[in-house]
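Please keep the sequence and the model in view while reading.

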Amino acid sequence: MKTVIYSNYGSPDVLEIVEMEKPLPKENETLVKVRASSVNIAEWYAMTGLPLARLGSGFFKPKDTRLGVDFAGVVEAVGKNVTDFKPGDQVFGGRGGAWAEFVTVRKAIARKPANVTFEEAAAVPTAGITALQGLRDVGKIQPGQKVLINGASGGVGSFAVQIAKAFGAEVTAVCSTRNVECARSHGADHVFDYTKEDFTRSASSMTCCSTSMEDDPGSNTSACSSRTPRLSSSADRGRL
Ligand SMILES: NC(=O)c1ccc[n+]([C@@H]2O[C@H](COP(=O)([O-])OP(=O)(O)OC[C@H]3O[C@@H](n4cnc5c(N)ncnc54)[C@H](OP(=O)(O)O)[C@@H]3O)[C@@H](O)[C@H]2O)c1
């Protein structure tokens, strides 16, 4: 099968497409033929060899040369203990090495809704779960709560706005001019264009969720947190 690998850290030129042996599912695994995958910031950190990432992934060279996590595809085969899926099922999930024609998955797999394309489903797992965990598990979001999503138009933020709305929160989104309509279309009740307004002047009674790439100790999110009761920030746990 064809697989994307990288043998050294660097720019996208380090990526190669090579032939690897097609994996066989172990007894608790499902073999999926990948139809779509997505690109998250994690792949960029891994490929470029961000110093912090190298602690786990190899100091001089990547230990695991495969890339990609999110996938959507069709079940090709299942191990003998797998009862939830059968060949032909359309699924999506997350598994290291997903930039390949096939992945074997144990737990991080779910049925793909029929009204969602493979491309749409493959965009959900990492960013969507990051937003869900930040709001539900860390932020303990409640109906009626006022929630501010800083970085609301990004990969994580666009899920965060929709999830916060689904939990019944009143959502304020922060993004740049070009994404104001996008944030509104995701359900934001109020939108701050950070190029024109300083949300820290109005966000005094909100729980802040930062998914901004600009989130640092001197940023506007920190200013917001000093005035707000709770902050569920990406910075708390290696970013939301
Ligand atoms: N994507 C993932 O799966 C994932 C998973 C775990 C953690 N993370 C972390 O979550 C953070 C966001 O990732 P992402 O993938 O969502 O990034 P992204 O798609 O690049 O989105 C970044 C967001 O930040 C906004 N932004 C940029 N400058 C800003 C400023 N000065 N003030 C307020 N907002 C600003 C952008 O708005 P405009 O585009 O409108 O300027 C955009 O909404 C990163 O730190 C990343 O490491 C991401």
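In this predicted model, an open sheet of five strands has the order 6-3-4-5-7, with antiparallel pairing; strands pair if DSSP finds at least two bridges between them. The edges of the sheet are strand 6 (102-105) and strand 7 (109-111), each of which pairs on one side only. Helices (H or I, at least four residues) and strands (E, at least two) are DSSP runs, numbered from the N terminus.

The model is predicted, so that local features need pLDDT of at least 70 and side-chain atom pairs count only at pLDDT 80 or more, whereas totals for chains, interfaces and linings use all residues. Residues are numbered from 1 along each chain as its sequence is written.

- Strand 5 (residues 90-94) pairs with strand 7 in the antiparallel sense over three bridges, and G93 has I109 of strand 7 as its bridge partner.
- Helix 4 (residues 125-138) packs on the sheet, where it touches strand 4 (70-78) and strand 5, and its direction makes about 65° with that of strand 5; two residues are in contact if their C-beta atoms, placed from the backbone, lie within 7 Å.

**Strands 1 and 2, and helix 1**

- Strand 1 (2-6) and strand 2 run antiparallel and are joined by five bridges, with V4 having I17 of strand 2 as its bridge partner.
- Of the five residues of strand 2 (residues 15-19), the number buried is zero, so this strand lies largely in the open; a residue is buried if 20 or more other C-beta atoms lie within 10 Å of its own, exposed if 12 or fewer, and partly exposed in between, with C-beta atoms placed from the backbone.
- In helix 1 (residues 41-48), the residues E43, A46 and M47 are buried. They lie on the same side of helix 1 because they cover an arc of only 95° around the axis, the arc being that of the directions from the helix axis to the C-beta atoms.
- The cover over the buried residues of helix 1 includes strand 1 and helix 2 (51-57), and just after helix 1 the residue G49 takes a positive phi of about 75°.

**Nonpolar cores**

- The largest nonpolar core has 25 residues, of which V32, V34, F71, A98 and V103 touch the most other members; such a core is a set of buried Ala, Val, Leu, Ile, Met, Phe, Trp, Tyr and Cys residues joined through C-beta atoms within 7 Å.
- Two or more residues of this core come from each of strand 3, helix 1, strand 4, strand 5, strand 6 and helix 3 (118-122), and the largest share, four residues, comes from strand 4.
- Apart from this core lies another, of 24 residues, among them I149, A164, A169 and V191.

**Selected residues**

- T30 is found in strand 3 (residues 30-37) and counts as buried because it has 26 C-beta neighbours inside 10 Å.
- T30 and V75 are 45 residues apart in sequence, yet their C-alpha atoms are 6.9 Å apart in space. Not counting residues up to four places away in sequence, the contacts of T30 include V75, F85, T104 and I109.
- K140, placed in the loop between helix 4 and strand 8 (146-150), has a phi near 50°, a positive value in a residue other than glycine; K140 counts as exposed because it has 11 C-beta neighbours inside 10 Å.

**Whole chain and confidence**

- The secondary structure of the chain comes to seven helices and 12 strands, and buried residues make up 40% of its 240 residues.
- Among contacts with a separation of 6 or more, 63% join residues 24 or more positions apart.
- The mean pLDDT of the chain is 88, and 84% of its residues reach 70 or more, pLDDT being the predictor's confidence in each residue, from 0 to 100.
- Over residues 215-240 the pLDDT is below 50, and this stretch has 56 contacts in the model beyond near neighbours in sequence. Where pLDDT is low, the predicted coordinates should not be read in detail.

Conventions:
Axes fitted to C-alpha atoms, helices over the stretch in contact; angles between N-to-C directions.
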